[in-house]
Amino acid sequence: MSSIISQSAAALCISVGSFSDPADLPGLAHFLEHMVFMGSEKYPAENGFDAFLKRHGGSDNASTDCERTIFKFDVQRKYFREALDRWAQFFIGPLMIPDAVDREVEAVDSEYQMAQPLDSNRKEMLFGGLAKAGHPMSKFFWGNAQTLKNELREKNINTYERLREFWRRYYSAHYMTLAVQSKETLDNLEEWVREIFIRIPNNGQPRADFSDLQDPFDTPDFNKLYRVVPVRKIHALTISWALPPQGKHYRVKPLHYISWLIGHEGAGSILSLLRKKCWALALFGGNSESGFDQNTTYSIFSVSITLSDEGFHNFFQVIHIVFQYLKMLQSVGPQQRWEIEASEFHYQEQMEPIEFVANICENMQLFPKEDFLRGDQLMFEYNTEVISAPLRLLTPATANILLLSPEHDGLCPLKEKWFGTQYSVEDIPQEYCDLWAGDFPLNPDLHLPAENRFIATDFTLKTSDCPDTDFPVKIIDNERGRLWFRKDNKFKIPKVYARFQLLAPIIQESPKNLVLFDLFVNILAHNLAETAYDADVAQLEYMLFPGDHGLFIRLKGFNHKLSLLLNLIVDHLANFSTTPNVFSMFIEQLKKTYYIILIKPDQLGRDVRLQILEHHRWSVMQKYKVIMTDLGVTDLMDFVNRFKAELFVEGLIQGNFTSAVSLIGFFHSPPAEPPVLFRVVELPQTHHLCKVQSLNKADANSEVTVYYQTGLKNLREHTLMELLVMHMEEPCFDFLRTKETLGYQVYPSCRNTSGVLGFSVTVETQATKFSTDFVEGKIEAFLDNFEEKMVNLSDEAFQTQVTALIKLKECEDTQLGEEVDRNWFEVLTQQYVFDRLNKEVRHHINIDLLIICATNHFLLVLIFIYLCHIITNHFCMNLFVCLCYIPNFFVRLNFNYYLFMYLWHNTNFFFFLCMYVFIYLHIYAMYPNLFISVNILFIYLCHFTHFLLELIYILFYFYMYATLLMFLI
């Protein structure tokens, strides 16, 4: 796009978090993070800041960690100064009125209820409970209705006063770091920050410091085996060590180095050996750098392994392989490696402004000034002693073992207090204690990674071998497929994005074929994992995943070696094979995957909605029934052979490549016709209700979605729907969450189901609080209320939202990936409107026709549009006639502005027509009815030749000039 507009953004980090919660008020820090949004002394409206951002194309968020709390927002540059002032009031004078306190507790409680079914949260809560008494890790960080309301009433504690007290103590200026990003000058930004944020109070008290609470897990309960019943039907093993805090070693990053080796998936790695034994599907090793994993009191290093059924039954052998690998690392010592991170940092793409400032303001709490921008990314130094120190501590004697399996159900008598996690505790068997305490032998299959052939060394920018284009062009179009290409000349980085979809009609023939297709993609990824892992280490990202109608392949990274990776994928696809053991392992894994979808309300809701809307869509339940039958390797290979025979490939390549590059191996497959995707059901014009009972009876979470279908629509109507949903977002949040307190997640959505337009309103709630019928009724009540608001919408408010949507669509891409995602959507949906954003912006002249609805002359305008359409189809004439009959002068000005923009993009007679608009603005706005016949005749003549048009223009200009003089006299 020609415009280079980007969002302005700000983020503020406070060095206080859940570690500072009072002992009698668990979750207070998290609750305060919610409450400061609920109006301020200067701007008292609840959700006023959110409403302001929605009007001006912005967004915001906040998060509370163990020792830090981060607030962030973005907005159009024009409104950044005002947004900063409104946002700063969170920290200058928040209201936190008692009524809002009571209501927002319900939102916090809903967030807690939604977190309960997630095994990751349950593991953290259980693990934190192993800390020494008095250590803050043992606190309940989330907060809920019990801790923030019910218990406080019983104890006669005033929540409002305690919130105020906590805010005064910890929301102090000297605890805060601020980052802002905008295209304003640095001088302006500094002036704004000083003017606005100088009013944040500074209490002068020392910040909370927990660094003296070292070794929190040095307890007898830590070095044991914990068996846990998970929510999901998975087998998972986590081995964890609590180490001294490693933040001070950020220049060496010892845990990064160790995690690179532990998490390696190539030959000689832990996962490589476990996969060969069919004991594991995935492995993660390292430290997530969240507050839970790393803070001023400790650092966690963990190895998490997703086990197969066979791996679960041999989990002690799996643990032994991990300990063998660690012993091998300790014996050979650290080996230097850091060139990959340096290259990636040097050529990294720009982040979204809101994410960038959030990252920087947190870095400002952690690193000295010279490393604010790079302290979390680079390995500055190589120091063998610093790396060896934590490596030596990763011993069997200090490890905690957590084993999750549905087979533990009924065998775990203990229950964690807050999340209700069932678990048991046992000592590690003596035979393994004795084995690991001695000098056990190493496994010869475990060794350090070999040299990586995928590491890029050529970072030169390619010279284009074809004319530059603003949008992708087809460089291959034949019976085998289509390939779109665009050489990047904007971001100028030595990287490439490549996307492919491999379509085949066989996939949708039956639920059995869909299951076989899922198996094929999973096993293909498994076959690739070891040989392609070096590419991943070398920052060449790849992903294979099954779509509804084909296999999707996504690649991204330095262009120098990307073709090697694609060729590797093509070879594995062409020569696909599997073994009975691997096949059985993924059968069991896929059963668990389908089950997980079925027990999650949001995923099940999506599946049911699409099953209603799409012809011949097979449900997850049908797939689950199929996979429980007797499938074999022969079934899979027959399917794969048919799939490869029917392939139609479509791809998109963008970046530092030439059009002649040989990333076209897919296009040598046998000829095939592009398959028809799916058709959408036209819903009858009546109310329909579909209820599905949750399969997880222990999960109180419910999801209610009210969906409205409007049908096949054009680009203009899609833009109108976007505008409608933008108008709806803040009122929806305010009505259903803030006032009705129905749930934490409340949102409207614009739905585009294969070109069929619709919108929905979704509320994620809890059955223990509200019935789904009650929630649906409240959604309908909101929509009635919203309709009234739209009828009474002022011209100014409407135009503000239109402008916000235009500015959002005019925002420049911050990285090549955003442009690729947009273009890939066009390829994926086979619409190919690559200049969609430009057209949508131009179509906002049509959107302004909605303003007419707010006038008393709507019917009259419609009649004139119809009459003018009979005379001529010329779009401009219709608009000019409409303009003459809009009584509101400012509305006419808005129309003319967008008409001016439309003509800029759509006419060869721009100079003539913009002059006409200029005259119209100054004369016709005052006397619209006087010249209606002249308008009609004048626009009609636009169909004549350019010569005649110029002549008419000269005559008409003098006529108008004389008329103007007459009126002045």
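Is D548 buried, partly exposed or exposed? In this predicted model, D548 comes out as partly exposed, at a relative accessible area of 29%. Its salt-bridge partner is R617, with the closest N and O atoms 3.2 Å apart, and R617 counts as buried at 13% relative accessibility. R617 sits in the loop between α20 (601-613) and α21 (620-627), while D548 sits in the loop between β15 (541-546) and β16 (550-558), so the pair ties together parts that are 69 residues apart in sequence.

That contact is one of 46 salt bridges in the structure. Another links the side chains of R232 and D119 at 3.8 Å, N to O. Here R232 belongs to the loop between β5 (225-228) and β6 (235-243) and D119 to helix α5 (residues 119-128), so parts 113 residues apart in sequence get tied together. R232 is partly exposed at 35%, whereas D119 is buried at 8%.

Turning to the nonpolar side, the largest core holds 61 residues, and F500, L519, F520, L551 and F643 touch the most other members. Helix α17 (residues 511-537) gives the most to this core, namely 12 residues. Beyond its neighbours within four places in sequence, F520 contacts L573, F576, L636, V640 and F643.

There is also an open four-stranded sheet, ordered β2-β3-β1-β4 with antiparallel pairing. Its edges are β2 (59-64) and β4 (176-181), and neighbouring strands are turned by 10 degrees against each other on average, direction ignored. Helix α14 (residues 353-366) packs on the sheet and touches β1 (8-14), β2, β3 and β4, its direction making about 150 degrees with that of β4.

How values were computed. Residues numbered from 1 in each chain as written. Predicted model: local features only at pLDDT ≥ 70, side-chain atom pairs only at ≥ 80, totals over all residues. Heavy atoms only, no water. Core = buried A, V, L, I, M, F, W, Y, C linked by side-chain atoms within 4.5 Å. Buried < 20%, exposed > 50% of the residue type's maximum accessible area, 1.4 Å probe, protein only. Helix = DSSP H or I, 4+ residues; strand = E, 2+ residues; numbered from the N terminus. Contact = heavy atoms within 4.5 Å. Pairing = 2+ DSSP bridges. Axes fitted to C-alpha atoms, helices over the stretch in contact; angles between N-to-C directions. Salt bridge = Lys/Arg side-chain N within 4 Å of Asp/Glu carboxyl O.
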